[in-house]
Every structure is written in C-alpha cells, then in structure tokens.
Amino acid sequence: MEFLGGGVIKSEVLEGHLVRFEDEMPILRRLESDFEVTWGSRVSSFNTETSVYFLKPLPHMTQSFGFQQEVLLAVSRYPIPEARLIQSIEQTFERLPAKGRIDQTVAIVISKAEKINDWLQDYLARNPQGRAYIGISSDEFQKSNDAWYLRNALVKQLFSRDLFEYTLPLNEDMFFFGRQSVVAEHVDAARKSENRGLFGLRKTGKTSVLFKIKRQCELAGVHTIYYDCKLSSIYRLNENDLILKICHDVEDAIGLKVGGWRGKKHSADKFLSLIKSISNQTKICIIFDEIEYISPGSLVAKHWHEEFVPFWQTLWSTQSQHRKFCFVIAGVNASIVETDRFGGVQNPMFGIVKSRYLTGFDKPEVYSLLTVLGKRMGLSFDDDAVDALHERYGGHPLLTRLICSQINTEIKVAEKQRPAKVDAGYVQNNISNREQEIQFYCGHITSELEDFYPEEYDMLEMLAAGNVKDFNDLSHDVDMIRHLKSYGLVDFSEAYSPKFAIPVIRGYIASKWKRRNKLKSDRYVVPVDRRREYVIGRCTSILRDFRLAERRFSNLAMSPLYGEAGPAEAESFAASNPVVTRDDAVAFLNQCNRSMVEPVDATGRRISRPNYFFVDIPGAYPKIWPALNRIRAYRNYLMHIKLNALAEAQLDAFLKEDFEGHEISSVEDGWFRLQAAVLDGLIIGIQAEMAKYD
C-alpha cells in the first residue's frame with residue numbers, strides 16, 4: 001500500500017502485524033509524508049505489551065533531523081504510562097532486529113496518555129538516558145489537521161535538548177564517535193593477552209574509550225574488569241587487599257568459583273593459584289583507569305609509593321607464567337611505564353606495556369560528531385565551520401563540544417528558526433566571549449603537564465609567549481618536547497615552525513604567564529639589559545644563515561635571492577642597535593630594507609622578472625617571504641607611504657600577529673617589539689626554509 005506523501009507500509013507489515021492491530025493504521029497514515037514503515041511487531045516484556053515499528057525516514061527527514069538509520073516508533077494503548085514502558089523499549093533496542101539497524105539516539109512514543117511527553121520528560125529527569133524520547137498523544141495526533149504535526153513535535157522536543165552539553169564519560173555506544181582504530185587495537189591486544197597503556201591530556205575521552213574497549217572485549221569473549229583508581233574504595237586499599245579484590249572480581253567475571261586459591265597465605269600466591277587454575281581458553285582483561293592514584297606519584301595515597309612495585313611484580317610474574325590475562329592502564333602521566341626504576345628498584349612495568357597517546361579527533365571524526373549531534377539539534381555545520389572548529393580546538397572532544405553547546409545556546413536565545421546553518425563566519429563571531437567560558441577546562445587539561453613535566457610546561461609557556469626562536473633551540477633535545485608531541489599539544493609538522501595544535505590553550509597559557517609575571521602583554525619581550533646582546537646575536541645569525549642558504553638554493557637551481565654575497569650592507573645591518581623610539585624603528589627598518597628587501601628587487605631586475613618580490617618569491621620561499629614582507633609593510637606604514645587594499649590587509653595581519661591589533665605606539669616596549677618581530681621572523685623563516693631541503 002503506497003500513500004500520497006511517498007511513505008510506504010511494507011507488505012510484511014500490512015499482512016502481518018496490522019492484520020491483528022488494524023486500529024493502529026490511522027496513526028501510521030499520519031506518518032506517510034515523512035517515513036516508510038518497514039517492520040512491525042508486538043513486543044511483550046516487563047509485564048506490558050507494546051506495538052513497535054521501524055520507520056525509514058524520507059530524504060527531507062534525513063536532511064532536517066539527521067536521521068541516517070531507521071527510527072523506532074512505540075505505540076502504547078495504555079492511558080496511564082508506567083516505567084515498564086520505557087524498560088520494554090530499552091530492551092527492544094538491544095535485541096535483534098533492532099540492534100545495529102535503528103537509530104540508537106531517539107525513540108518516538110505515541111500513547112493513549114494525554115500528557116505523555118510531560119510524563120516522559122519527568123521520567124527521564126529522574127532516570128537519565130542517553131536516548132531522546134519524543135512523546136505524542138495518539139488522540140491529539142489523529143484529530144489534528146496539521147500536516148506538520150509530527151515534524152513540529154520533533155522540532156520542539158528534539159531540538160530543545162543540548163547534546164553537546166554532555167561532558168561525562170560515555171558508557172553507551174549511541175554518542176561514541178571516532179577512535180575506532182584505538183578500540184580495535186586494544187581489543188586485539190586483549191585477545192592475545194598483550195598489555196596496553198592509554199595516556200593523554202584530561203578530557204580527551206580516555207574513559208569513554210575504555211568503556212568502549214570493555215564492551216567490545218566482552219562481545220569478543222574476553223572477560224573484562226574495570227577499576228576507576230580515583231575512587232577512594234580503590235586507592236585506599238593496600239597492595240594485598242587490591243590483589244585480593246581482583247581475585248574475587250575475576251571469579252565473578254568468569255562466573256565460576258575456582259577452588260584452591262583461598263587456602264594460600266599470601267596475596268601473590270592467591271593470585272597465582274587463581275590464574276593457574278583457570279581454563280587456558282579463558283581470556284581476562286583488567287583495566288586500571290586513573291592509574292596515577294595508585295602509583296609512586298600518588299598525592300592522596302602515599303602507601304602506593306612503596307607498594308606500587310610489589311603490586312605490579314605480582315601481576316607481571318603471574319602473567320609471565322600464565323598468559324590468560326592482560327591489563328590496560330590509563331591516565332595522564334605515562335611515567336609509570338617510561339621510568340626504569342623507582343626508589344632504586346627496577347620498575348616491573350618498564351618494557352612490558354605498549355603505550356598509545358590519545359590526542360584530538362581528526363577532521364573526519366569532528367565532522368561526524370558535528371553532523372550527527374548537530375542535526376539532532378537543528379544545527380547544520382558546513383564544511384568551513386568544521387574546518388574552523390577543528391583548527392581552533394585541535395579536535396579536542398570536550399572543548400569542541402563546549403563551544404558548540406554555546407553556539408546552540410546563542411541560536412536558541414536569538415530564537416532563530418531551525419534547522420539553522422552554522423558557517424565559519426558564525427564560528428568566528430563572538431569567539432572571545434565563548435572562550436572565556438571554557439578557560440577553566442583549559443587549565444584542567446594542562447594541569448598535569450605542569451605538575452609532572454615542569455620543564456616541558458616551561459617550553460609550552462615559551463611558545464605561548466611568542467619566543468619561538470628559543471623554543472626551537474631547546475627543542476633539539478627530544479626529552480624537552482617528548483610529551484608536547486605525544487599529547488598533541490604542539491604541531492611540529494613544519495620544521496622550525498612549531499605551533500599550538502589547540503590555539504585556545506595557547507591563549508590560556510599566555511594569559512596565565514602574563515598574570516604571573518605582572519605584564520601588560522602576553523608576548524615575551526627581551527629584558528632591557530639583554531637587548532644589545534640579543535640584537536647583535538640575531539643579526540649575526542641572520543646574515544650567516546642567509547649566506548649558507550643562498551649557496552644551497554643556488555645548487556638546487558632555485559630562484560636567487562641575493563647571490564653568493566648574501567644580503568647587502570652586511571656590516572651596517574650587523575651593527576644595528578636596540579630600538580627605543582619611533583625614529584630608531586624607522587632607521588632600523590630602512591637598514592633592513594636596504595639589506596634584505598631591495599637586493600631582492602634588484603635580483604628581479606637583473607634577471608628581467610618584473611614584480612619579482614611579490615610574484616616569484618612567495619612561491620619559491622613561502623617561509624622567508626612573510627618575514628621580508630613584514631619589513632616592507634612596517635617601513636611603508638611608518639613612512640606614511642600610501643598603501644593599496646592588499647598592502648593594508650597584509651599590514652593589519654602583521655599588527656594582529658605582533659601587537660594583537662593595537663597601535664605600536666600604544667604598546668609597552670612597542671618599538672623594540674617591532675624590531676624583535678622583524679629579527680625573529682627572519683631567523684625563523686630562513687631556518688624553516690632550509691630545513692625543507694635537509
């Protein structure tokens with residue numbers, strides 16, 4: 001039977017379920033313009049009976065609400081709703097044919113109860129569910145002449161819920177996004193009884209991943225036990241009591257009482273006896289989350305400073321004899337597997353755990369998150385918006401969710417019609433106010449790095465304050481940047497051009513650094529007594545590196561900059577003094593222009609390439625050209641040369657980068673900061689350019 005709106009009731013539903021419950025046909029007719037009815041059956045469970053249908057959304061419903069799978073519809077005949085109705089529906093989601101086929105995030109309930117939606121919202125407030133329930137009165141639905149009744153109900157009830165606001169670990173699959181390779185790797189390791197470590201910054205979703213690993217391991221036949229070590233009931237246990245607890249929990253997990261181990265005197269012997277007695281076909285995975293709480297660095301349970309080594313000696317010794325179990329450890333601080341000794345004693349964890357660091361979502365994962373949740377809320381993020389959010393928040397799950405939650409709130413307050421389109425412009429608009437609201441989380445994310453790896457945190461502050469040259473010099477020591485890389489905080493993909501992978505964290509750290517040092521700017525400025533040394537050192541390094549680079553570029557038959565002699569008026573450039581006043585800045589920029597910029601123009605004239613500086617150089621030397629163009633832009637600006645629109649735009653970009661968009665004269669030490677920006681830009685640019693050909 002096919003209806004005018006395009007919806008279809010499949011023949012198996014018509015000739016099966018609806019033969020017995022044809023009084024439900026008028027309800028299904030009201031769905032014809034929005035869905036196809038593909039399956040129907042009577043479900044009896046929890047002492048209640050409910051008709052359940054699967055609805056395949058028509059294209060406009062997919063477009064409006066993001067439904068990619070079929071949607072569950074429950075039709076209840078009872079005038080008074082009870083909790084068992086929801087219990088029955090929840091069980092249906094977990095059973096075939098629903099499992100894996102229908103959308104896990106939403107259910108529609110059409111009931112004889114007049115205020116079914118009010119009852120549902122009250123029930124869900126007392127019994128939180130990840131799933132959204134849409135309640136509709138069957139009598140009101142059938143009597144209404146509004147062809148958009150169902151769509152309006154979905155808009156009102158579905159779009160009112162902020163799915164981005166959910167910040168707790170995900171213990172269900174319905175809102176779990178990405179991380180598929182991480183989960184698969186850990187499940188495969190558990191099957192083989194191999195140990196794994198999962199580390200990362202706070203709020204990167206480690207616990208959600210562990211819950212997913214636990215669910216997948218159990219589906220694969222691996223008995224899995226999860227311990228949240230930050231619970232006092234865990235970290236307050238001593239070594240012996242925790243091993244004893246694990247023994248009891250292993251028995252519960254495998255569903256079998258294993259004789260013999262209780263008769264042993266020591267906990268290590270008990271655990272060894274238990275594991276030895278278990279069938280060789282049995283696989284067990286023990287997950288320790290928030291491992292810091294039972295480690296030598298524990299701040300709340302100092303007995304673990306001494307008991308950590310014997311505890312893991314017991315587990316490792318048993319595992320080396322009987323490969324029936326493995327463990328996954330997770331936390332922020334990976335030192336427990338990276339340190340070879342604690343208190344002079346060999347660390348039993350060292351070398352037996354393969355670690356992985358959990359960083360931000362990649363762009364496709366962010367796209368999936370925003371598309372699925374956004375459409376449930378009546379928000380449509382275009383590709384440019386996804387790019388902007390990924391670039392600004394580095395794919396960090398919590399930060400991305402929090403910002404999108406604020407965007408949703410703004411659209412709600414403005415009473416914009418939904419579905420509402422969110423583009424890159426909207427993401428950028430009001431960004432500073434939104435980010436004020438997430439400052440706390442930025443501190444929470446980086447706090448452990450500051451506590452456990454203070455030297456690396458100092459490096460992070462250095463980069464946040466714009467001191468890139470010194471950061472680059474120190475980063476040659478791999479131990480100084482090991483965790484900055486592993487945690488995905490700094491992007492080192494371009495040599496000598498490090499940048500924050502999560503720019504909003506740069507802003508937080510820079511602001512914190514500024515407050516601590518009681519400065520007016522969050523940019524590092526060389527102290528007055530070191531400026532002479534700094535200027536001479538920078539100028540000398542620039543001349544040396546440009547001469548070396550010119551010879552290398554010549555051998556590669558690249559477009560010439562200056563010729564083998566290098567920059568012009570080298571002695572005058574090398575003798576530059578620290579800038580104090582505006583006149584000093586003009587003199588310095590004129591010297592830079594004569595030494596670094598005009599010779600490039602002269603090279604272009606010599607080889608008959610008009611507009612060589614602006615046409616050839618940007619493509620040939622993309623790292624050097626911005627530094628040279630900064631000299632030209634600031635010189636023209638200070639000498640009141642009329643700028644065209646493009647030059648104005650470039651100048652504004654430099655002012656924003658170097659002075660947060662302020663007038664140079666209004667910034668403390670502004671004229672020296674201009675000189676530092678020019679010199680640092682030149683040295684970083686030439687080093688980054690040469691690194692491409694190493």
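## Basis of the model

Residues are numbered from 1 along each chain as its sequence is written. In this predicted model, local features need pLDDT of at least 70 and side-chain atom pairs count only at pLDDT 80 or more, while totals for chains, interfaces and linings use all residues; side-chain values use heavy atoms, with hydrogens and water left out.

## Overall architecture

The protein chain contains 32 helices and 16 strands; helices (H or I, at least four residues) and strands (E, at least two) are DSSP runs, numbered from the N terminus. Along the principal axes, the C-alpha atoms fill a box of roughly 95 × 75 × 50 Å. Of the 694 residues, 54% count as buried, where buried means under 20% relative accessible area, exposed over 50%, and partly exposed in between (1.4 Å probe, protein chains only).

Contact here means heavy atoms within 4.5 Å. Among contacts between residues at least 6 apart in sequence, 70% join residues at least 24 apart. The protein chain exposes about 31700 Å², of which carbon and sulfur atoms supply 49%; the areas come from the Shrake-Rupley method with a 1.4 Å probe, and for residues only the protein chains shown count as cover. There are 88 positive and 92 negative side chains, and the centres of the two sets lie 2 Å apart. Lys and Arg count as positive and Asp and Glu as negative, without His and the chain ends; a charge is placed at NZ of Lys, CZ of Arg, CG of Asp or CD of Glu.

## Nonpolar cores

A nonpolar core is a set of buried Ala, Val, Leu, Ile, Met, Phe, Trp, Tyr and Cys residues joined through side-chain atoms within 4.5 Å. The largest has 151 residues, and Phe288, Phe327 and Ile329 have the most contacts inside it. Helix α32 (residues 670–691) gives the largest share of this core, 11 residues. A second, separate core of 31 residues includes Ala132, Phe141, Leu150 and Leu154.

Leaving aside neighbours within four places in sequence, Ile329 is in contact with residues including Phe199, Phe288, Trp312, Met349 and Val353.

## Helix α5

In helix α5 (residues 116–126), the buried residues are Ile116, Asn117, Trp119, Leu120, Tyr123 and Leu124. Seen down the helix axis, they fall within an arc of 155 degrees, so they line one face of α5; the arc is that of the directions from the axis to the C-beta atoms. These buried residues pack against α4, β4, β5 (132–137) and α7 (149–158). The face turned away from the buried side carries the exposed residues Asp118, Ala125 and Arg126.

## A buried arginine

Arg538 lies in helix α25 (residues 531–555) and is buried, at a relative accessible area of 10%. Beyond its neighbours within four places in sequence, Arg538 is in contact with Lys469, Asp470, Leu679, Asp680 and Ile683.

## Backbone features

The peptide bond from Leu96 to Pro97 is cis, with omega near 5 degrees; Pro97 is in the loop between α4 (83–94) and β4 (102–111). The bond from Arg418 to Pro419 is also cis, with omega near 0 degrees, and Pro419 is in the loop between α17 (397–413) and β14 (420–422).

Glu415, found in the loop between α17 and β14, has a positive phi near 55 degrees and counts as exposed at 71% relative accessibility. Glu290 has a positive phi near 55 degrees and is placed in the loop between β8 (284–289) and α13 (304–321). Glu290 is buried, with a relative accessible area of 10%.
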